[in-house]
Amino acid sequence: MMAFIPKSIDPVSIKEDIDSLIANLIEKGICDDSNFSAVRSSGRNQTDITFHGAEHVSIALGEVEYTEIYRELGNKRSYNMKLIDGALLQLMYRIEDGKLLQHRLAFYPSPNLPSFRDASNAYMQDELFFEIIQRRIIPFPLRFDFDTREGVYSDVTHPKVHLTLGDVEGCRIPVSAPLTPRWFIEFILRNFYQTEAHDFIKNLPKHKIRFPTSITENEMKLVHLVIPYEAKA
């Protein structure tokens with residue numbers, strides 16, 4: 001069954017999507033700590049789907065070394081999920097007049113712990129703290145941003161939806177549509193955690209919502225990411 005685009009986006013449906021994913025990853029044993037989402041009015045017909053500690057996300061926007069950013073976000077518990085390898089996940093959405101206005105979906109790997117892919121058996125056997133090794137390459141964060149406000153987005157140079165790698169200024173890879181919580185979590189699990197021995201994508205909550213495409217013709221001529229039009233239920 002294909003997921004559908006609602007005429008009006010219900011903030012509660014996004015909250016439920018996020019919280020069901022958190023519960024699923026806790027059950028799978030890959031989520032070590034969490035802040036379930038909250039729906040808050042931000043005035044001017046705007047509603048935020050956010051979490052306790054979200055007021056500290058601006059730490060990542062300053063001229064600060066990644067290790068310090070990660071430490072501050074972790075100390076302030078500024079995340080929806082902290083995974084078993086220390087990675088932090090943040091999911092924030094803003095709705096205005098029933099339409100998606102913005103989202104910020106961020107992944108901050110731990111700069112100090114081995115990746116799950118490199119030490120999956122040790123992690124799943126609760127041997128993490130006995131098997132810590134210093135990684136040779138410091139992992140980098142990534143972020144999917146969506147912003148449809150006038151004066152913010154600009155064709156090609158600042159796509160409405162884009163992927164930023166490593167928080168590099170000017171790195172804005174066009175994306176075809178906003179990401180639902182389900183697509184974001186699957187992207188992270190599939191590319192950074194999935195192994196032959198551990199399948200974290202299987203039995204994830206079903207796709208329930210979909211956002212309309214927002215990419216322009218000019219952006220489609222560039223290398224870009226495509227959010228699948230159809231989602232299997």
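Which residues lie nearest the centre of the largest pocket? In this predicted model, Leu61, Arg104, Arg143, Asp145 and Asp167 hold that position, within a lining of 36 residues. The volume of the largest pocket is about 870 Å³. By residue class, the lining of this pocket comprises 14 nonpolar, 12 charged and 10 polar residues.

Several elements of secondary structure contribute to this lining. At least two residues each come from the strands β3 (46-51), β5 (88-96), β6 (99-108), β7 (142-147) and β8 (161-165), and likewise from the helix α2 (66-75). Of the contributors, β7 gives the most to the lining, with 4 residues.

Asn80 counts as buried because its relative accessibility is 0%, and the term buried applies under 20%. When neighbours within four places in sequence are left aside, the contacts of Asn80 are Ile18, Ile22, Asp33, Ser34, Asn35, Ser37, Phe51, Leu89, Gln90 and Leu91.

The confidence of the prediction was also examined. Across the chain the mean pLDDT is 85, and 84% of the residues reach 70 or more. Residues 127-136, however, have a pLDDT below 50.

Methods:
Residues numbered from 1 in each chain as written. Predicted model: local features only at pLDDT ≥ 70, side-chain atom pairs only at ≥ 80, totals over all residues. Heavy atoms only, no water. 1 Å grid on protein atoms, 1.4 Å probe; cavity = no way out; pocket = protein on both sides within 12 Å on 5 of 7 lines; lining within 4 Å. Points joined across faces, edges and corners; volume = space filled by probe spheres on them. Nonpolar A, V, L, I, M, F, W, Y, C, P; charged D, E, K, R; others polar. Buried < 20%, exposed > 50% of the residue type's maximum accessible area, 1.4 Å probe, protein only. Contact = heavy atoms within 4.5 Å. pLDDT = per-residue confidence, 0-100.
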